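Good morning, colleagues. Please turn to the sequence and the structure that I am about to show.

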Amino acid sequence: MKKLFVIILAALLFLCSCDEQKTEYAEGYETSYHSPKGTSLSLNGIFYNDENEDSNGYSARRLWFYDFDSMQSVILCARPNCLHNDPDTCTAFGINCWDAYPTIVNNKLYYFSRDYAWDDDGKLLINTYVWKASTGGSSRTKIDTIEDLIIYDLAVKGSVVYFTTVQKNYEDYTGVDTGFAKSYICSYDYENEKFTNYGLLAEGYHMCPFIMGEYNGGLYIYGSYADNYDDDYHEWNNFYLRLNLETGEISEWDMPISSLNEYGSLKGMFVGGGYYGYMDGDNAVIFDSAGESMVIENFELSNYAPINGYHFDVYNGTAINLSNGETLKINKKNFPEHSSIICYHNGYIIRNDAKKSEFVKISDEEIFKE
């Protein structure tokens, strides 16, 4: 295990972010990638926490890194002979992927944490902290404080993370959540250690702001909120916005949006990897980075961003080659029963969604049926 840790730590220290993971669609331009809660892609692998509780039902989660070159995992602790069972001495403790979004930038580990406190007037205060540490998880330093905002959804582009936030409203002295919140789009530049709030997205009850992905220099953001708190009945208001990554300007969504299905929900859409896809009735319409579109008749898109130039729908076992519109069947014989394709790194990385610490790699030759 010690030898394996040295190998993977060396990879963390010396490998740069690979183009395979974040497909370039124009010369000198690298698209962002979405980082869902719970696990965080970084460099040549992915961070995740323990999934199992102890016999008393308590789980002080430790941080692990799964390396896509060796297809092995290692606990993120560089302390010799550590038993990894003491939060006071083991550096694998204290970074919860659900809120932390750990990311390696310039041979440093960056992540977030959050705490709650009361002021003298009975107001509940929320702080999100930005941390920097060694790639082994030690030498942790708090480098910034983001006041009164909770990170909701996040995307990574180079050394900058973009995230939607919610600013919740709590009753004085009790701390009861009133359900009302404001939402903003923000970023943190790890290289320059700079926080930016670009502005308000929406405000209302039951706020849910998401990042769909990036297309042609814009980050596409969508979400919903209600006009009242009533859990039994409230109508949802949807918003669709775009952040210009060069100017920081927030504007209305400027691309077509999918048709509704029979239940009144949007059909499949995706944004990422240099492509934009939506459903026009029963047909898929896909734009490339030059704005050229192609129509694939009677094909239902999923909501997953393209990987390695393909749009995958693992549930239905289908894919589209985005360079020519060819539809393909996925060879799922080596997939775990419940799984998803999360990235490409010298092969397609498949995660077991029922046990998110298990991964398999499938080659280009094996991913599709003959």
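Residues are numbered from 1 along each chain as its sequence is written, and side-chain values use heavy atoms, with hydrogens and water left out.

Let me begin with confidence. The pLDDT is the predictor's confidence in each residue, from 0 to 100. For the protein chain its mean is 87, and 89% of the residues reach 70 or more. Over residues 1-29 the pLDDT is below 50. In the model this stretch has 70 contacts beyond near neighbours in sequence, a contact being heavy atoms within 4.5 Å. Where pLDDT is low, the predicted coordinates should not be read in detail.

I turn to the first region. Strands here are DSSP runs (E, at least two residues), numbered from the N terminus, and two strands pair if DSSP finds at least two bridges between them. Four strands form an open sheet in the order S4-S5-S6-S7, with antiparallel pairing. Strand S4 (39-42) and strand S7 (72-75) stand at the edges with a single partner strand each, so one side of each has no neighbour in the sheet. On average, neighbouring strands of this sheet are turned by 25 degrees against each other, direction ignored; the axes are lines fitted to C-alpha atoms. S4 pairs with strand S5 (residues 45-49) over four bridges in the antiparallel sense, and Ser 42 has Gly 45 in S5 as its bridge partner.

Strand S24 (residues 318-321) pairs with S23 over four antiparallel bridges, and Asp 313 stands opposite Thr 318.

Which way do the side chains of S23 point? From strand S23 (residues 310-313), Tyr 310 and Phe 312 point one way, His 311 and Asp 313 the other, and all are buried, meaning under 20% relative accessible area (1.4 Å probe, protein chains only). In a regular strand the side chains alternate between the two faces of the sheet.

Finally, the cysteines. With a disulfide defined as a pair of cysteine sulfur atoms within 2.5 Å, the count is zero. Cys 77 is in no disulfide, and the nearest cysteine sulfur, that of Cys 90, is 3.7 Å away. Cys 77 is buried at 6% relative accessible area, and Cys 97 is buried at 1%.

Methods:
Predicted model: local features only at pLDDT ≥ 70, side-chain atom pairs only at ≥ 80, totals over all residues. Axes fitted to C-alpha atoms, helices over the stretch in contact; angles between N-to-C directions. Buried < 20%, exposed > 50% of the residue type's maximum accessible area, 1.4 Å probe, protein only.
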